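Morning, everyone. One structure today, and I'll keep it quick. Have a look at the screen first.

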Amino acid sequence: LYLWGAGRKAKELAKMLIDRSINFRWISNNSKKIGKKIYDIPILSTKVLERAHDFQLITAISAQSFQNNKKLLFEEYNLAERALYEFL
């Protein structure tokens, strides 16, 4: 399981996953976040998706630039957007 995002929504979701002992890898395409740790979990580059197989991805990004370009980003990483759930 990958969690994409490092803002408020992603942090709330990460806490929920941690509280439920659900393992995940935290990723971001924000160079200011990559390499930092939140809740003692390192933020990895989205480039790890290029080598990943058979995974689940949760996006928790509210930035308008991401929302406007989500389809292009999903295509860039060869991801199919099968279902979209908004985390509130």
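Let me start with a question: which exposed residues does α1 carry on the face turned away from its buried side? They are R8 and D19.

The protein chain averages a pLDDT of 81, and 70% of the residues score at least 70. Among the elements, strand β4, residues 41–45, has the highest mean pLDDT, at 95. Helix α2, residues 64–76, has the lowest, at 66. Then there is the stretch 83–88, where pLDDT stays under 50. The model has 7 contacts beyond four places in sequence for those residues. Where pLDDT is low, the predicted coordinates should not be read in detail.

Now the layout. The protein chain has 2 helices and 5 strands. From the N terminus, the elements run β-α-β-β-β-β-α. Of the 88 residues, 35% count as buried. Take contacts between residues at least 6 apart in sequence: 47% of them join residues at least 24 apart.

On to the sheet. The 5 strands form an open sheet in the order β3-β4-β2-β1-β5, with mixed pairing. Who stands at the edges? β3, residues 37–38, and β5, residues 57–59. Each has a single partner strand, so one side of each is left without a neighbour in the sheet.

Now the pairs. Strand β1, residues 2–4, pairs with β5 in the parallel sense, over 3 bridges. Within that pair, L3 has I58 of β5 as its bridge partner. β2 and β4 are also joined in the parallel sense, over 3 bridges. There, W26 stands opposite I43 in β4. The antiparallel case is β3 with β4, joined by 2 bridges. K37 stands opposite P42 of β4.

Stay with that hairpin for a moment. There are 2 residues between the β3 and β4 strands. Y39 sits in this loop, and D40 is in the loop as well. Look at the backbone torsions. Y39 has a positive phi of about 55°, although it is not a glycine. D40 is another non-glycine residue with a positive phi, near 65°. Buried or exposed? Y39 is partly exposed, with a relative accessible area of 37%. D40 counts as exposed, at 63% relative accessibility.

Back to α1. The helix has 12 residues. From its first C-alpha to its last it reaches 17 Å, close to the 16 Å expected at 1.5 Å a residue. Its buried residues are K9, A10, L13, A14 and L17. Why do they line one face? Seen down the helix axis, they fall within an arc of 130°, so they line one face of α1. The general rule: an α-helix has 3.6 residues a turn, so residues three or four places apart point the same way. And what do these buried residues pack against? β1, β2 (residues 25–28) and β5. R8 and D19 are exposed on the face turned away from that buried side. After the helix comes S21, whose phi is positive, near 55°.

Next, the core. The largest nonpolar core has 12 residues, including L3, L17, F24, W26, I38 and A60. α1 and β4 each supply at least two residues of this core. The largest share, 4 residues, comes from α1.

W26 first. Leaving out residues up to four places away in sequence, W26 touches a list that includes L3, A10, A14, I38, I41 and I43.

Then A60. This residue lies in the loop between β5 and α2. A60 is buried, with a relative accessible area of 7%. Beyond its neighbours within four places in sequence, A60 is in contact with L3, W4, G5, K9, A10 and L13. Take L13: A60 and L13 are 47 residues apart along the chain, and their C-alpha atoms are separated by 7.8 Å.

A second, separate core has 7 residues, among them V48, L49, A52 and I61.

That's my tour. Over to you for questions.

Note on methods. Residues numbered from 1 in each chain as written. Predicted model: local features only at pLDDT ≥ 70, side-chain atom pairs only at ≥ 80, totals over all residues. Heavy atoms only, no water. Pairing = 2+ DSSP bridges. pLDDT = per-residue confidence, 0-100. Contact = heavy atoms within 4.5 Å. Buried < 20%, exposed > 50% of the residue type's maximum accessible area, 1.4 Å probe, protein only. Core = buried A, V, L, I, M, F, W, Y, C linked by side-chain atoms within 4.5 Å. Expected span 1.5 Å × (residues − 1). Arc of directions from axis to C-beta.
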